Amino acid sequence: MPHKQSYCGIGQNPRKTIPFLHLCKPRPFLMSKVKTLGQFIIEKQTDFPYAKGELSRLLRDIGIAAKIVHREVNKAGLADILGDAGETNVQGESVKKLDVFANEQFIAALSVGGECCAIASEENEDIIPIDTPQSKNAKYVVAMDPLDGSSNIDVNVSVGTIFSIYRRVSLSGPGTVQDFMQRGTEQVAAGYIIYGSSTMLVYTTGKGVNGFTLDPSIGEFCLSHPNMQTAKSGKIYSINEGNYVHFPDGVKKYIKYCQEEDKATKRPYSSRYIGSAVADIHRNLINGGIYIYPTTASSPKGKLRLLYECNPIALIIEQAGGKATDGRHRILEQEIKTLHQRTPFFAGSADMVEMAGDFMSKYSG
Ligand code: P6P
């Protein structure tokens, strides 16, 4: 009696040979139930009566770069792309090769796509003007953090891309720095990609927030989280308490408030801090919560950058019903003077951001 094979030989019916396979019933991919990012963008284009498709194509270009970055992030542990590139970015932070790779991919996709006339990136001190034949009529500029939280790459923790899209204010030719000196309220779109247990693209064009999960089997972002809304309050606070000693008194008092026992307000809250803002913000967006990066001794103006981190996240959070401030004032109304300008950042569930602001007003003037 030949030994019963425990694997499926060529030509044999796998469902008989490998016992568990009979559970994997073939399900034709129900395209009718799936809405891809491309289909959604085109469908929503009617929200903008004067749109001729440029913003749609720009969002498509971002989605393409995101898929390429997803592929590399998901094999970072294997490829030789891991580890320091031996360079430092304009922030003086050591640059991981994946930072460089992600920056290059988004710049390439936006340059070729023809809808963008300039890019501002965390990885570049100055703007990247785009002057290609395809972009001579480009209407938009893109500010981005190509790979936020990249220090987490080596330990397999979620990282993210953050992007912000403005209509250019310069008249023609390659974009200029002035195109980026616009308040967050002027953004025409903003979003992030989180490279986590799955890769998701979450964006808004000012008419709600929608989340798309990448299905690698078909290479498409598919609508998985339509019309995302964040809870008015939550039970999670995200802050690096290692900096506690140097926090403003208002932040110290708010942290103690979060830690007090009080059944009526479901306290103490839980402290959850990943060290990757996109991951913390995404979790709090879905579950409710507040993310705070206040001023500290090493970051006297705050650590996060207004243009390509706080403004896009603030637009998403507000569109989802939350709030985003610098501890006192609305982030989106902050005047921007330099590309890499930093700001304290309080973002998440509206009631929690308001409460933290009350503590800031009372104890930090
Ligand atoms: P710290 C990543 O560098 C980042 O900009 C955010 O993504 C993250 O929330 C924060 O800085 C982490 O900073 O000082 O707590 O390590």
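Two strands are taken to pair if DSSP finds at least two bridges between them, and helices (H or I, at least four residues) and strands (E, at least two) are DSSP runs numbered from the N terminus. The structure is a predicted model, in which local features need pLDDT of at least 70 and side-chain atom pairs count only at pLDDT 80 or more, while totals for chains, interfaces and linings use all residues. Residues are numbered from 1 along each chain as its sequence is written, and side-chain values use heavy atoms, with hydrogens and water left out.

A hairpin of three residues connects strand E7 to strand E8, and these two antiparallel strands are joined by six bridges, with Ala-190 partnered by Thr-204 in E8. Strand E7 (residues 189-195) is also joined to E6 (residues 159-167), again in antiparallel fashion, by seven bridges, and Val-159 has Tyr-195 as its bridge partner in E7. In a regular strand the side chains alternate between the two faces of the sheet. In E7, Ala-189, Gly-191, Ile-193 and Tyr-195 point one way and Ala-190, Tyr-192 and Ile-194 the other, and all are buried (under 20% relative accessible area, with exposed meaning over 50% and partly exposed in between, for a 1.4 Å probe and protein chains only).

Most residues other than glycine have a negative phi, and most peptide bonds are trans. Asn-156, in the loop between E5 and E6, has a positive phi near 60° and is exposed, with a relative accessible area of 72%. A cis peptide bond, with omega about 10°, joins Arg-267 and Pro-268, the latter being found in the loop between H5 and E12.
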